[in-house]
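I opened the model to look up side-chain contacts, the core, the strands and the surface. My entries follow in the order I made them.

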Amino acid sequence: AVHRPTTTPIRRRNMKQQQALARGPNDPGLENPTRRNLLVGSAGAMAAVSLLGITPLAKASEPKSLPDYAAWKDRTALIVHSANTMETERGAIGNGVITASDRLFVRNNLPAPPSSITDNADAWEVRIEGVRNPRTLTVGELKTMGVTTVASVLQCSGNGRAFFPHGAGGTQWKTGAAGCVMWTGVPLKSVVEELGGMADGVRYITGTGGESLPDGLD
């Protein structure tokens, strides 16, 4: 006889996930869906957790403190390469798919901005060109255009550099310069539509930061 499992266990897991997400998608205390739970309903989840068999990283021989801007992160879960580069300890990733924010790696090309900038994020501005009605928008204005949340993997292109046999230069990332996070924002499609659609002949998208670069950096 063919065994047909009931749906009750799956329903119970979904309720637990909903309760956890209500605390915030990247809350350090988020009860991540386990590998077994996710494999029940998602082949994509199987791909996301298939790296769990890699040997855990060794701890840094000389522990370093976290910089002030990242002091809220879990120091025991991070390997601190420098003030701008920190990776997640292999053993701290856990068996869930979502990476808690306090364990997510850090990769900054520039020093962190001062609190005079970060304290009022809604006032940040972005200039949108290549549309029929070019305009400068604040983050606060963008939030009125239809915010959505999606799960997406963020990874430094140098992840795994420490394993290159030719001794590649740069931060010696092992496996911790990657994470899957719940991102909240406005789809670019919505912004373009709000500004009248694409201008004639526009085919590509690029972005340029507004920061003042330190001397010696291009």
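This is a predicted model: local features need pLDDT of at least 70, side-chain atom pairs count only at pLDDT 80 or more; totals for chains, interfaces and linings use all residues.

Next I looked up the largest nonpolar core. Leu195 belongs to this set of eight residues.

Strand E4 covers residues 125–128 and strand E5 covers residues 135–138. E4 and E5 run antiparallel and are joined by four bridges. I checked Arg127 and found its bridge partner in E5 to be Thr136. The hairpin of E4 and E5 has six residues between the strands. Gly130 in this hairpin takes a positive phi near 80°.

I moved on to the open sheet. Three strands form it, in the order E1-E2-E3, with antiparallel pairing. E1 (78–82) and E3 (106–107) are the edge strands; each has a single partner strand, so one side of each has no neighbour in the sheet. E1 pairs with E2 (residues 85–88) over four bridges. Here I noted Ile79 opposite Glu87 in E2.

Last, the surface. Which residues make the nonpolar surface patch of about 250 Å²? I found Val150, Leu154 and Trp183. I placed Leu154 in strand E6, residues 148–155. Is Leu154 buried or partly exposed? Its relative accessible area is 34%, so I logged Leu154 as partly exposed.

How values were computed
Residues are numbered from 1 along each chain as its sequence is written. Side-chain values use heavy atoms; hydrogens and water are left out. Two strands pair if DSSP finds at least two bridges between them. Helices (H or I, at least four residues) and strands (E, at least two) are DSSP runs, numbered from the N terminus. A nonpolar core is a set of buried Ala, Val, Leu, Ile, Met, Phe, Trp, Tyr and Cys residues joined through side-chain atoms within 4.5 Å. Buried means under 20% relative accessible area, exposed over 50%, partly exposed in between (1.4 Å probe, protein chains only). Patches are made of residues with over 30% relative accessible area and no salt bridge: like charges are joined within 9 Å, nonpolar side chains (Val, Leu, Ile, Met, Phe, Trp, Tyr) within 5 Å. Accessible areas come from the Shrake-Rupley method with a 1.4 Å probe; for residues, only the protein chains shown count as cover. A salt bridge is a side-chain nitrogen of Lys or Arg within 4 Å of a carboxyl oxygen of Asp or Glu.
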